[in-house]
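Biologist: I would like to learn how to read a structure like this one, feature by feature. Could we begin with the surface and then go on to the chain as a whole?

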Amino acid sequence: MASKLSVLLLVLTVSAVTVLAQRRRPASKATDEWNYKEGSDRVNMRNVANLTEVLDNWRFDIISQMKGLLQNDHQSLLPDYARIQPLSEALDDLFKEFNALKTRLGDLTDKFTAIETFIDEVKTSRATSSSASTNANANTNPNPNTSTSTNPNTGAAVAPVVRQRRVMRKKAPASS
């Protein structure tokens, strides 16, 4: 029983010493935040400027290396889009559509060029034929659907005006 009593007495003294030691220490904050104002009067501004310069140099070096890699070796930084199947197919479809539109635009340009030359030829032939026909047929008009008139101010012949009847046809009723 004496040994049990000595162990109990030892445990009580250790716990009492621990409690007293905790009471003597100042209570620390629950969150240990850094007090940036503490020790600010001992800061060497030359070292801060040097550190800022070093960090700026690092930033410049990192950015220039990234720029160089993106311009020269973008495969090492960007993912391989061929591995991403839906994106690869979408880009392929987009390129096909773009090339198809380019060829279609070229075809339409060729057609419009041909149409423009045809219209220019028709205009020149009408201008030459109308001036020749007005000179040859001054007052005789063989076609009853056209009439030739002269400009009262200049006395020159004006191009013939074609008068035709318009025929309007009814649409067939839609069968249901």
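Modeller: Let us begin with the surface, keeping in mind that this is a predicted model. Leu51, Val54, Leu55, Trp58, Ile62, Met66, Leu69, Leu70, Leu77 and Leu78 form a nonpolar patch on the surface, and together they have about 900 Å² of accessible area.

Biologist: Which helix gives the largest share of the nonpolar patch?

Modeller: That share comes from helix α2, residues 45–72, which supplies 8 residues of the patch. Met66, one of the patch residues, has its place in helix α2.

Biologist: Why does Met66 count as partly exposed?

Modeller: A residue is called partly exposed when its relative accessible area lies between the cut-off for buried, under 20%, and the cut-off for exposed, over 50%. Met66 has a relative accessible area of 40%, and therefore it is partly exposed.

Biologist: How should I read charged side chains, and how many salt bridges are counted here?

Modeller: Side chains of opposite charge can pair when their charged atoms come close. In this model the count comes to 1 salt bridge, in which the side chains of Lys96 and Asp92 meet at 3.5 Å, N to O. Both residues lie in helix α4, residues 85–136, and they are 4 residues apart, about one turn of the helix.

Biologist: Where is Ser15 found, and what lies 2.9 Å from a polar atom of its side chain?

Modeller: Ser15 is found in helix α1, residues 2–24, and the backbone oxygen of Leu12 lies 2.9 Å from a polar atom of the Ser15 side chain. Ser15 is partly exposed, with a relative accessible area of 34%.

Biologist: Which element of the protein chain has the lowest mean pLDDT, and which the highest?

Modeller: Strand β1, residues 146–147, has the lowest mean pLDDT, 53, whereas α2 has the highest, 88. The protein chain averages a pLDDT of 76, and 69% of the residues score at least 70.

Methods
Residues are numbered from 1 along each chain as its sequence is written. This is a predicted model: local features need pLDDT of at least 70, side-chain atom pairs count only at pLDDT 80 or more; totals for chains, interfaces and linings use all residues. Side-chain values use heavy atoms; hydrogens and water are left out. Patches are made of residues with over 30% relative accessible area and no salt bridge: like charges are joined within 9 Å, nonpolar side chains (Val, Leu, Ile, Met, Phe, Trp, Tyr) within 5 Å. Accessible areas come from the Shrake-Rupley method with a 1.4 Å probe; for residues, only the protein chains shown count as cover. A salt bridge is a side-chain nitrogen of Lys or Arg within 4 Å of a carboxyl oxygen of Asp or Glu. Helices (H or I, at least four residues) and strands (E, at least two) are DSSP runs, numbered from the N terminus. Buried means under 20% relative accessible area, exposed over 50%, partly exposed in between (1.4 Å probe, protein chains only). pLDDT is the predictor's confidence in each residue, from 0 to 100. A polar contact is a pair of N or O atoms within 3.5 Å; within protein, one must be able to donate a hydrogen and the other to accept it, and residues adjacent in sequence count only if both atoms are side-chain atoms.
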